[in-house]
Amino acid sequence: MKLMNYVNGQWQDKPDAKYTAVLNPANGEELAQVPLSTAKEVDDAVLAAKAAQKKWAKVPAPKRADYLYEIGRLMKQKKEELAQVLTKEMGKVIEEARGEVQEGIDMAYYMAGEGRRLFGETTPSELADKFAMSVRAPIGVVGLITPWNFPVAIATWKSFPAIVAGNAFIWKPATETPMMAYEMAKIFEEAGLPPGVANVVFGSGSEVGTAMIEHPDVKVISFTGSTETGRKVAEAGGRNLKKVSLEMGGKNAVIVMEDANLELAVEGILWSAFGTAGQRCTACSRVIVHKDVKEALQNLLLEKTSVLTIGDGLDESVKVGPVINKGALEKIHSYIGIGQEEGATLLTGGKILEEAPHDKGHYYAPTIFTDVAPDMRIAQEEIFGPVISIIEVGSFEEAIEVNNSVIYGLSSSIYTADVNRVFKAQRDLDTGIVYINAGTTGAEIHLPFGGTKGTGNGHRDSGVAALDVFTEWKSVYVDFSGKLQRAQIDNDI
């Protein structure tokens, strides 16, 4: 199957386009061919989006929301089909894939509800016979750049608020997982979204992504990916005075105090560290544990890790799927040597699974290091794979300090029965998301998603906060006095 760009409500079949294969990471089978578009295709998409957005912005927001309700209905109808495609191209186990599609459904209905809100503010004027208010206004054409690890959820976090706010968008999905974008474009078409409001252009970040970032008519760039790439996006956006929203890396930790429920903590750690084969920006990659329970926690983690089933995510019994590609395998494995050279002790894993039934895919054994110092590279750098580093601490205060010692600030977690520690932790943990007695993953769509420091630049996906990315504030003054009134001067009322 050859995928096609979706521009101005039309499927763009370009026989002379260059293509690259989309491969199933579980078994290496070819799933599709995806076009490697050029700046010319981006120009075409921007032209279509710019024309469509002028009309779309004048559609009442509740009517714009009706399209999202229909998109959500279609996603719900096709949920299992979408989940199957997601697992095939990305690798995550089918249970997780269903959950990701459900997140997109939830976001459709949630943002559709904002069509009857999009609240501004009214405020008293300092002058007589004058009315003052602020309203949200659409920005125009926005560019969405999404990663391969959550090819549906993250795309809906960005596209649905853009739609309801009155913008048109160009979406560049990751070349590793374009099939979900293709399926979503078909849903946009079936839902009757006006031509040009939603456009999908496949291609590389260096070609298509750069063209979007540099295009003068693309007013907003919303990017999710690595911190290194995010910095480049921010630099280019700054030069062109674009609004740039960044959601980037993480080095997330679960803190386990001496009074924690260890069984519960281990469940949360395993789900957070090895779900999606550790390929989440919110994945737990550090376990900061009090010295009094370190040995007990470590033994329980080893016991539970040893029985995890690894394989093709379409198998309902599998708990850990493949990583995305060979390059990811090699990067993950390189950190095993780094950790051992730094003096960490490898407890389990630390190897590429190359024998049947794993020989045709990209599988990495769930890995646990112990005796890890907070300043080791494996405790500081994002590995993006199923690797945990256990760090021992002697106090609550030290645990907070270790948690905050990395350049990232996305998600953190603490297991404790002490309510005073709970409130201190939610105040002092320097991350955009804090979990109490739960792992580092599980964000819900009606709260802001994003982080501090090297994880983001102050904007948020999801929740009402996402509307701040895709709208501008407009202040409106209505003077019905019938005379000239000057604020700060003629304010004797």
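**Packing and aromatic rings**

Author: Leaving aside neighbours within four places in sequence, Phe160 is in contact with Leu68, Ile71, Met75, Gly104, Met107, Ala108, Met111, Met184 and Phe188. The model under discussion is a predicted one. Phe160 is also, together with Val256 and Leu297, among the residues with the most contacts inside the largest nonpolar core, which comprises 126 residues. The greatest contribution to this core comes from helix H4 (residues 94–114), which supplies nine residues. As a general background, nonpolar side chains in soluble globular proteins tend to be buried together.

The aromatic rings may be taken next. Seven aromatic pairs are present in the structure. One of them joins Trp157 and Phe449 in a tilted arrangement, with 4.6 Å from centre to centre and 45 degrees between the planes. This pair connects distant parts of the chain, 292 residues apart: Trp157 belongs to helix H5 (residues 153–164), while Phe449 lies in the loop between strand E21 (433–436) and strand E22 (452–453). Trp157 and Phe449 are both buried.

Another pair is formed by Phe169 and Phe188, with centres 5.9 Å apart and planes at 75 degrees. The arrangement is edge-to-face because the angle of 75 degrees exceeds the cut-off of 60 degrees. Here too distant parts of the chain are linked, at a separation of 19 residues, with Phe169 in strand E8 (residues 168–172) and Phe188 in helix H6 (residues 179–190). Phe169 has a relative accessible area of 0% and is therefore buried. For Phe188 the relative accessible area is 1%, so this residue is buried as well. Phe188 is also one of the residues in contact with Phe160.

Lys2 is placed over the face of Tyr19, at 4.5 Å from the ring centre. The charged end of Arg280 lies over the ring of Trp271, 4.5 Å from its centre.

Finally, the annotation may be set beside this description. The unreviewed UniProt entry places the feature "domain: Aldehyde dehydrogenase" at residues 11–476. That span is 39% helix and 22% strand, and its end C-alpha atoms lie 41 Å apart.

Methods. Residues are numbered from 1 along each chain as its sequence is written. This is a predicted model: local features need pLDDT of at least 70, side-chain atom pairs count only at pLDDT 80 or more; totals for chains, interfaces and linings use all residues. Side-chain values use heavy atoms; hydrogens and water are left out. UniProt positions are given in the numbering used here, feature names are shortened, and annotations may be inferred rather than shown by experiment. Helices (H or I, at least four residues) and strands (E, at least two) are DSSP runs, numbered from the N terminus. Rings of Phe, Tyr and Trp (its six-membered ring) pair if their centres lie within 6.5 Å; planes under 30 degrees apart count as stacked, over 60 as edge-to-face and the rest as tilted. Buried means under 20% relative accessible area, exposed over 50%, partly exposed in between (1.4 Å probe, protein chains only). A charge sits over a ring if NZ of Lys or CZ of Arg is within 6 Å of the ring centre and within 35 degrees of the ring normal. A nonpolar core is a set of buried Ala, Val, Leu, Ile, Met, Phe, Trp, Tyr and Cys residues joined through side-chain atoms within 4.5 Å. Contact means heavy atoms within 4.5 Å.
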